Amino acid sequence: MALRGTNQEFGRPYNRRIVLEFVRLHSLTTRSEIAARVGLTVQTVSTIVRELEEQNYLVSVREEPKGRGLPPSMLKINPEGGFAIGVNVTPISVEAGLVDLSGEVIGSLSRDIAGASPEDAFEIIGAMAPELIAQRPKGRMLGIGLALPGPFGVESMSFVGPTTMAGWENTAIRERLAEATGLPAFLETDMAAAALGEHLYGLGKRFSEYYFLYLGVGLGGALVREGQVQRGASGNAGEIGHIPVVPDGEACPCGNRGCLERYFSLDALRRSGLGDADWLEAVAPTFRNAIATIENLFDPETIVLGGLAPANLLERIVELTAVLPNSVAARRDRKTPRVRIAEGGEHSVLRGAAALAVSSVLSPRFGQMFTGGRERDVLSGGEVAA
Ligand SMILES: [Zn+2]
């Protein structure tokens with residue numbers, strides 16, 4: 001269901017975002033369709049559309065006339081109307097990409113570096129940013145978003161172990177990012193960023209309630225509900241990788257034993273020393289149980305699998321879900337598979353990190369995009385709680 005506009009005078013910036021979001025989700029569309037669906041008059045919509053066209057956020061296209069009369073002009077987001085840089089700092093690399101308003105990754109850069117220190121990372125990012133901006137020297141730069149492995153602000157789990165950025169505690173990350181690039185800076189966990197990117201540009205257009213399962217060096221996930229990434233009371237709800245699945249299992253840097261990501265994550269794949277096929281066979285039962293657990297907990301429309309893993313690995317993982325344990329998701333009236341691959345593919349984190357900056361322009365719900373997280377004010381830039 002589309003969000004509704006408001007006829008209150010103060011509602012103007014809100015209406016502007018409502019219209020932009022509607023066009024983003026339903027292009028190509030017309031002024032009268034927008035008006036009918038968001039509850040504003042055609043005149044109000046036309047005024048807003050004119051402004052947005054002048055600002056280059058929207059463009060209209062007209063089909064060739066067939067027969068009599070001029071076909072209505074159709075509206076869509078102008079991909080070149082703005083750009084943002086998405087950065088993903090992982091335990092093994094620093095990646096950055098220039099992303100346009102439609103979510104297209106125009107160019108990307110990557111540097112392999114194991115366990116980058118903040119000094120290393122911000123130096124690399126500071127060099128990558130101008131190189132990316134040079135691809136659209138006249139483009140409107142909306143900002144830069146940085147994605148990092150979480151959780152944030154938990155002494156015993158943050159920045160501890162091989163699936164996190166060890167040594168990054170006590171770093172004023174957002175300030176350093178703004179300093180290094182001169183752009184408005186935003187920060188999120190990698191899996192929340194990826195979930196946001198999927199919401200804005202990918203399968204989020206088709207599902208209103210889904211679980212985004214993030215396969216990175218570690219394993220995370222987030223429930224996305226009506227466009228909101230559900231983050232829990234302190235903003236760390238996605239740490240599914242630390243659910244204990246094997247009693248007295250492998251020791252985890254979090255202090256517990258048998259955590260899911262010790263068995264199912266890119267770090268686990270690397271440590272196993274096995275080829276993809278043998279590893280998948282070994283971890284298939286654990287993975288399938290994790291899927292049933294997520295379904296029983298959240299009853300999502302579907303589970304969207306994405307992250308850092310290469311596309312062919314994601315495809316083979318989804319093949320494992322041809323057989324799954326019973327759960328509340330095993331309904332006969334299902335219209336979509338229980339698990340499917342994110343559309344963002346290998347760029348899902350970069351797109352999501354860039355989306356942090358783009359959302360401030362494009363989404364009416366930006367202020368509520370991340371629910372929970374009282375400790376961290378994501379709206380004002382997502383500073384890490386001290
Ligand atoms: Zn753990």
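Student: How are helix α1 and helix α2 oriented relative to each other: roughly parallel, roughly antiparallel, roughly perpendicular or oblique?

Tutor: In this predicted model, the axes of α1 (residues 12-26) and α2 (residues 31-38) come within 11 Å and cross at roughly 115°. Angles of 65 to 115 degrees count as roughly perpendicular. The two helices, α1 and α2, are therefore roughly perpendicular.

Student: Into which residue classes does the contact of α1 with α2 divide?

Tutor: From α1, the residues I18, V19, F22, V23 and H26 meet E33, I34, R37 and V38 of α2. The residues of this contact divide into six nonpolar, one polar and two charged.

Student: Which arrangement do the four donor atoms around the zinc ion adopt?

Tutor: The zinc ion is coordinated by ND1 of H242 and by SG of C252, C254 and C259, at 2.0 to 2.4 Å. Four donors count as tetrahedral if all angles lie between 85 and 135 degrees. The angles subtended here are 105 to 121°, which makes the arrangement tetrahedral.

Student: How are the donor residues of the zinc ion spaced in sequence?

Tutor: The donor residues are H242, C252, C254 and C259. Their spacing in sequence is H-x9-C-x1-C-x4-C.

Student: What is the handedness of the crossing in which α8 passes α9, left-handed or right-handed?

Tutor: The axes of α8 (residues 276-298) and α9 (residues 311-319) come within 10 Å and cross at roughly 45°, and the helices are therefore oblique to each other. In their contact, D276, A277, L280 and F287 of α8 meet L313, R316 and I317 of α9. The crossing of α8 past α9 is right-handed.

How values were computed. Residues are numbered from 1 along each chain as its sequence is written. This is a predicted model: local features need pLDDT of at least 70, side-chain atom pairs count only at pLDDT 80 or more; totals for chains, interfaces and linings use all residues. Side-chain values use heavy atoms; hydrogens and water are left out. Axes are lines fitted to C-alpha atoms, for helices over the stretch in contact, and angles run from 0 to 180 degrees between N-to-C directions. Helices (H or I, at least four residues) and strands (E, at least two) are DSSP runs, numbered from the N terminus. Angles under 35 degrees count as roughly parallel, over 145 as roughly antiparallel, 65 to 115 as roughly perpendicular and the rest as oblique. Contact means heavy atoms within 4.5 Å. Ala, Val, Leu, Ile, Met, Phe, Trp, Tyr, Cys and Pro count as nonpolar, Asp, Glu, Lys and Arg as charged, and the others, Gly among them, as polar. Donors are N, O and S atoms within 2.8 Å of the metal (3.2 Å for Na, K and Ca); water is not among the atoms, so sites may look incomplete. Four donors count as tetrahedral if all angles lie between 85 and 135 degrees; four count as square planar and six as octahedral if opposite donors are over 155 degrees apart and all others between 65 and 115; anything else is irregular. A crossing is left-handed if the near helix is turned anticlockwise from the far one by less than a right angle, and right-handed if clockwise.
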